[in-house]
Amino acid sequence: MRARAFLHEAENEANHRHRVGARILFCLFLMVLVGGCEQPNTKVSEPTAGDRIKVVASIYPLADFVRAVGGDRVEVVTLLPPAASPHVYSPSPRDLARFRGAVLFVQIGLGFEFWSAQLARAGAGEDLIEVETSEGVDVIHETGHDGAHGHAMGNPHIWLDPIIAMHQVRAIRDALAGLDPDHREIYFRNAAAYLGDLEGLDEEIREAVNGFARKSFVAIHPSWTYFAERYGLFEAGVIEPSPGREPTPVEMMKIVRQVRESSAKVVFAEPQLNPKAAHVLAKEVGAQVLTLDPIGSPDVEERSTYLKLMRYNLDVMRRGMQAP
Ligand SMILES: [Zn+2]
């Protein structure tokens, strides 16, 4: 076990170095590309947009919002692969190709997509319109949580609160209508229908949460902070002080104490993060580990849209928040 823990530490360290190294390499790569070395690459299959508007969304839920509002007027490309954590992502040359021909880049903002700025401009050119859907959102700033890896400007997991998601959908609607005023009515009609769906989702969650026997939970990462605040749940502890970094023994003891003082009996892990620390804590406090998915995936039917994803997560929460 010690050897494994050591290996894991070494791996984290190596990952970190790898990220720094990858970023430098990537900058060099951009310099070469922008310097005029662009060559037609037949291996990268470039989707043709026709007269459709090509939109790049940083994460899958945002891509789903764009699809809901844009309908068949848009072609949507998701930047982040479903299994990747946005916090520890290093872009690849393939991501650059994803921006080719794009006119709109929809993101969270708040430094969440810290890896995307150069990428977007190099891939799509100066005319790319960028929408930060966190603009105008009342952002939660975390205390006692190192601000590294995309939390420096506040907690970016705003989309997991359906009411804030409605704000994001309106931002996307306005951006599309501005870009393509001839079809403004379509975007407004689609958005209105989808906003209605989100309202329905909100009511469903409220009703479900009312039936929860417990209101407290522990999370491996503060992804559900906005959700908790919206629906009167209590985040009794967050395990990873910064995404991808496991807590030190001292930090772990502090969380254990905190969780013991609460009524939480569930630790929520995430498919994009290593669940090891979640299992260690759960064992320590006699809780169960369940997995909530903040991102979703086109390859998993029950999590293939934002609405499905949120209902899936609500079901998992139901299991975690019932009485013993
Ligand atoms: Zn995060």
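Mentor: Helices (H or I, at least four residues) and strands (E, at least two) are DSSP runs, numbered from the N terminus. By that count the protein has 10 helices and 8 strands. This is a predicted model: local features need pLDDT of at least 70, side-chain atom pairs count only at pLDDT 80 or more, and totals for chains, interfaces and linings use all residues. Residues are numbered from 1 along each chain as its sequence is written, and side-chain values use heavy atoms, with hydrogens and water left out.

Now the sheet. The order of its 4 strands is β2-β1-β3-β4; the sheet is open and the pairing is parallel. Two strands pair if DSSP finds at least two bridges between them. The edges belong to β2 (74–78) and β4 (129–132). Each has a single partner strand, so one side of each is left without a neighbour in the sheet. From one strand to the next, the twist averages 20°. Such angles run from 0 to 180 degrees between N-to-C directions, with axes as lines fitted to C-alpha atoms, for helices over the stretch in contact.

Look at one pairing. Strand β1 (residues 53–57) meets β2 in the parallel sense, over 5 bridges. Within it, V56 has V77 of β2 as its bridge partner. As background, strands of a sheet pair through backbone hydrogen bonds, either parallel or antiparallel.

Next, the helices on the sheet. Contact here means heavy atoms within 4.5 Å. Helix α2 (residues 60–70) lies across β1, β2 and β3 (104–107). Its direction is at about 175° to β2. Helix α5 (residues 162–179) also packs on the sheet. It touches β1, β2, β3 and β4, and makes about 175° with the direction of β3.

Now the wider setting. A further open sheet of 4 strands has the order β6-β5-β7-β8, again with parallel pairing. Its edge strands are β6 (234–238) and β8 (288–291). Neighbouring strands there are turned by 35° against each other on average, direction ignored. Strand β7 (residues 266–269) pairs with β8 over 4 bridges, in the parallel sense. In that pair, V266 stands opposite Q288.

Last, the whole protein. Of the contacts with a separation of 6 or more, 67% come from residues 24 or more positions apart.
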